[in-house]
Amino acid sequence: MLRYVTDKKQLLLQNPAVKMKFQAVTLKVRQRSSRCPLKIVESKAKYRLIDLPEEHYQKANKVVDIDGVFGEDGDRKEDNNEDIPEDYKRIKHSALAILQWVYGPPLSTAVSRVLATLLEKDVPFQIIPVDMSKGEHKKPDYLKIQPFGQVPAFQDESISLFESRSICRYVCEKYADKGNKGLYGTNPLEKASIDQWVEAEGQSFGPPSGALVFQLAFAPRMNIPQDQGAIKQNEEKLQKVLDIYERRLGESRFLAGDEFTFADLSHLPNGDYLVNATDKGHLFTSRENVGRWWNEISDRESWKKVVEMRKSS
Amino acid sequence: MALKLYGTAMSTCTSRVLTCFHEKSVDFELVPVDLFAGEHKQPPFLVKNPFGQIPALEDGDLTLFESRAITSYVAEKFKGTGYDLIRHENLNEAALVKVWMEVESHQYNPAIAPIVYQSLVAPLQGKSPDQSIIDASVEKLGKVLDVYEARLTGTRYLAGDFYSLADLHHLPYTYYLMKTPAASVVHERPHVKAWWEDISSRPAFKKVAEGMKFGGK
């Protein structure tokens, strides 16, 4: 057991941000809904982060085999200690392999975009807290994985990424056959239509809605004086964008077509704060189609879970 | 049937897509949209892009707007022809291309666009450039380019040691920036400068740059 912990330590130490971080993160990873709940529990041992309930050993392995995306043999080379049971080695690697690390607080809009995507795709993940009030996102260890000093950053067994929308796209493509299979489309035409509306979100919807959320919801809490001119200007901009959305959503149930996709999901983080934490919710609800669309997308289980995570964080 | 792009050659977003067409060696037709006559705000164009911005792409029954969504579509659809801009055979490389595409869109573009607008577009509209906006944006762009400089010290291009859509997306705005005094932000950073000279000398972009004339500059 001790040797297992040591192996894990070596592995984790390769990752500077993880090294910095692993004080104690309690997390619940729900894998395959109730069929195979893998619980990764808080541990007093600094470097031990995974402990599987024994009764799920077999199932956990099976999940990995079925998916066929994990468990590269090469990963097991380090386990050449004879006193570690074979089963345990397998479990260890299976469990480690299903980890996706998301750095940043769920309160952040960009972090919650990634969380909603992981939940839609039914991909297990672990949140690594980054204490922005202490400036942890500007410290050298963190800047190694996010050079702009922003949240979120993302890591899995093979890659380190940042920029929320590109993390979401990676997750959707890597786990194309998991969870909501149509989230990022199933062919180039669908994907193009989704990308088009994700760009509209990033370029047209994001800036004014983000500015309103900052001015109306965050500035007062941070004791920053509100800029009334910016509020007025951004509200006007957002009105124009939402007029276009109103027409679009009169033609189709969702932005990219008749299915809920990443294009809709990408609007949830700013939209949620705007509707629930400012007095500008009427911008959505006063528009018939936008209001209907908003009710539908914000009522998804994935998003409701993200909102819960925000509250408990 | 050839791809139809509605736009104008001097526009940054149009030339972003045109550069992608040339890299992919695909047939296309550029259908001019007269911005000075406000054609992009008229109903026939608004059907193609409800936001009233150029460019818009027509490929058979498909109509697309947003230049970065268009280039992604073209690079994906024609992944087998021309230069591979999206590293479609390697999931990790493809993911890094997307990371740096988002960096261009959300870090680089917001900093560089006001400089180009104030320096080159405002004078065309009879306005004098707002130097305070330029100064603030140059400072912002410098910080972004500090990260680029560190990145390009380790890899030849943004996403890795391969040219990709991530680099390509930077071309149009940077091309115009280099015609302003703010070009110093590039010259002051050796790796950024070498990267710029490399990507701007690709034949595909040189063809497009011939059409990028802003008020005679």
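Chain A is assigned two domains, domain 1 (2-174) and domain 2 (188-312), with bounds that come from an automatic or database domain assignment. The model is a predicted one: local features need pLDDT of at least 70, side-chain atom pairs count only at pLDDT 80 or more, and totals for chains, interfaces and linings use all residues. Residues are numbered from 1 along each chain as its sequence is written, while chains are lettered from A and ligands numbered from 1 in the order in which they are written.

Let's start with the contact inside chain A. Domain 1 of chain A brings 13 residues to it and domain 2 of chain A brings 15; two residues are in contact if their C-beta atoms, placed from the backbone, lie within 7 Å. On the domain 1 side, α5 (109-120) and α7 of chain A each supply at least two residues, and α5(A) gives the most, with eight. Helices (H or I, at least four residues) and strands (E, at least two) are DSSP runs, numbered from the N terminus.

Now to the partner chain. In all, 26 residues of chain A touch 26 residues of chain B. Of the elements of chain A on this side, α8(A) gives the most, with ten residues. The elements giving two or more residues are these:

| Element of chain A | Residues |
|---|---|
| β6 | 160-162 |
| α7 | 164-174 |
| α8 | 188-218 |
| α9 | 228-251 |

A word on confidence: the mean pLDDT (the predictor's confidence in each residue, from 0 to 100) of chain A is 78. Over residues 16-81 of chain A, however, pLDDT is below 50. Where pLDDT is low, the predicted coordinates should not be read in detail.
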